[in-house]
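Please look through the sequence and the model first, and then take the topics in turn.

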Amino acid sequence: MRRRAGLVLLAFAVFFAALSPLLRWYAFPRLAKVPPNQYQEVVLEASPATLLDYTTLKAKKVEKVTIVQTLKGNVEESEKIERSAGRDVVVWDALSYIEGPGGETVSAIPERYIFDAHTQAPVNATGEMVDGDPVRREGIEFKWPFLTERRDYAYFDAQTRTTAPIHYRGTRTFRGLEVYYFEQTVPWTEVPLPKKMPVEGITPEQIARTGMTRWYTTQRMFWVDPVTGAPVNGEEIHREELRDARKMGMSEDTVTAFSGHVKMREDYIEDTVELVKSQRVLVLLLTSYLPWGFLGLGAGLLALALWLEARTRPPRGPTTA
């Protein structure tokens, strides 16, 4: 009976030892993915800020500018793209809505972001766009991959429609979480005028015909949970200018359209941190807790099987000369 029990224990030891790397290196890459129906809303504020007053055509200091960013999973579109791409795809319809201190609309820029549900790599497909303009993304946007590494990543900037490195600047502690800090500086670049203008009846095409141009620079900062790849905090030191502005009747040739240090609102930081803490447990189960647990269980069962085997062997009798 002991020998039979030892063989059963040995079989289980081999099973759990084999299951450990299988769970980490085979199951995890296939099971861990961004759900296609995810909805997320984040509110950011620049307080104080400088904003162009379109009634006087002069920049002025304001108490606060609010930016509402929404990400909504488009399940129907993701299923269409999956059929042709042959892999799990997520389609996010995003909107960055900016309003002034009195609730007036400053701009509203929609995006469609299409990416691989497992790796977060962009999937270039029909419908990918920023503010109605077709784009072909390279690099990540909004979210880092699961198990983020301590290295630079290619990051897509929606304003310039270009990709540039976002640099890993070290490991930090944020609200009890160990996070990776990333930073990117976009130099002054001419960017398109938004399709939705703050003044009713004025189109970007009319402004472009005058020769006035819009320029933009930002310093972008993210605190990213390395387990889930989700940013738990984000900030931007953001500046926009209108150049050759005298062609539109302004008193100066270069006018600040918007300037401010944009930060996530405190209540949204708290909600995001709590959500990430709950989600990272699921990822750690597949990458750490269960693989190491199964490996330890396999080693324990192997030791027990060997101990039972040793006890079943008859004692050696005395040797004779």
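Predicted model: local features only at pLDDT ≥ 70, side-chain atom pairs only at ≥ 80, totals over all residues.

In which helix is Leu306 found? Leu306 is found in helix 4.

**Nonpolar surface patch**

- Leu7, Leu10, Val14, Leu302 and Leu306 together make a nonpolar surface patch of about 450 Å².
- Two elements give two or more residues to this patch, namely helix 1 (2-31) and helix 4 (266-312).
- Helix 1 makes the greatest contribution to the patch, with 3 residues.
- Leu306 counts as exposed because its relative accessibility is 54%, and exposed means over 50%.

**Another leucine of helix 4**

- Leu285 also has its place in helix 4.
- The relative accessible area of Leu285 is 32%, so this residue is partly exposed.
- Leu285 and Pro101 are 184 residues apart along the chain, and their C-alpha atoms are separated by 45 Å.

**Salt bridges**

- The structure holds 21 salt bridges.
- One of them joins Asp88 to Lys33, with 3.7 Å between the closest N and O atoms.
- This pair links distant parts of the chain, as the two residues are 55 residues apart. Asp88 lies in the loop between helix 2 (75-85) and strand 4, while Lys33 lies in the loop between helix 1 and strand 1.
- Asp88 counts as partly exposed because its relative accessibility is 28%. Lys33 also counts as partly exposed, at 38% relative accessibility.
- The side chains of Lys80 and Glu77 meet in a salt bridge with an N to O distance of 3.6 Å.
- Both Lys80 and Glu77 belong to helix 2, where they are 3 residues apart, about one turn of the helix.
- With a relative accessibility of 41%, Lys80 counts as partly exposed.
- Lys80 and Glu77 are also part of a network of salt bridges that links them with Asp93 and Arg112.
- Glu241 and Arg239 form a further salt bridge, in which the closest N and O atoms are 3.4 Å apart.
- Is Glu241 buried or exposed? Glu241 counts as buried because its relative accessibility is 10%, and buried means under 20%.

**Cavities**

- How many cavities of 30 Å³ or more does a search of the whole structure find? The search finds 2 such cavities.
- The largest cavity holds about 40 Å³ of space.
- The residues that line the largest cavity are Ile109, Val130, Asp131, Gln159, Arg161, Pro192, Leu193, Pro194 and Arg214.
- By class, 5 residues of this lining are nonpolar, 1 is polar and 3 are charged.
- The second largest cavity has a volume of about 30 Å³.
- Its lining consists of Gln69, Thr70, Leu71, Ala94, Leu95, Ser96, Glu111 and Phe142.
- Strand 3 (65-73) and strand 4 (89-99) each supply at least two residues of the lining of the second largest cavity.
- In the second largest cavity, the lining divides into 4 nonpolar, 3 polar and 1 charged residues.

**Second largest pocket**

- The volume of the second largest pocket is about 200 Å³.
- This pocket is lined by 13 residues, and the closest to its centre are Leu51, Leu52, Asp53, Tyr54 and Glu104.
- At least two residues of the pocket lining come from each of strand 1 (39-53), strand 2 (58-62) and strand 5 (105-116).
- Which strand gives the largest share of the lining of the second largest pocket? The largest share comes from strand 1, with 3 residues.
- By class, the pocket lining has 8 nonpolar, 2 polar and 3 charged residues.

Key: Residues numbered from 1 in each chain as written. Heavy atoms only, no water. 1 Å grid on protein atoms, 1.4 Å probe; cavity = no way out; pocket = protein on both sides within 12 Å on 5 of 7 lines; lining within 4 Å. Points joined across faces, edges and corners; volume = space filled by probe spheres on them. Nonpolar A, V, L, I, M, F, W, Y, C, P; charged D, E, K, R; others polar. Helix = DSSP H or I, 4+ residues; strand = E, 2+ residues; numbered from the N terminus. Patch = residues over 30% accessible without salt bridge, like charges linked within 9 Å, V, L, I, M, F, W, Y side chains within 5 Å. Areas by Shrake-Rupley, 256 points an atom, 1.4 Å probe, with all protein chains shown as cover. Salt bridge = Lys/Arg side-chain N within 4 Å of Asp/Glu carboxyl O. Buried < 20%, exposed > 50% of the residue type's maximum accessible area, 1.4 Å probe, protein only.
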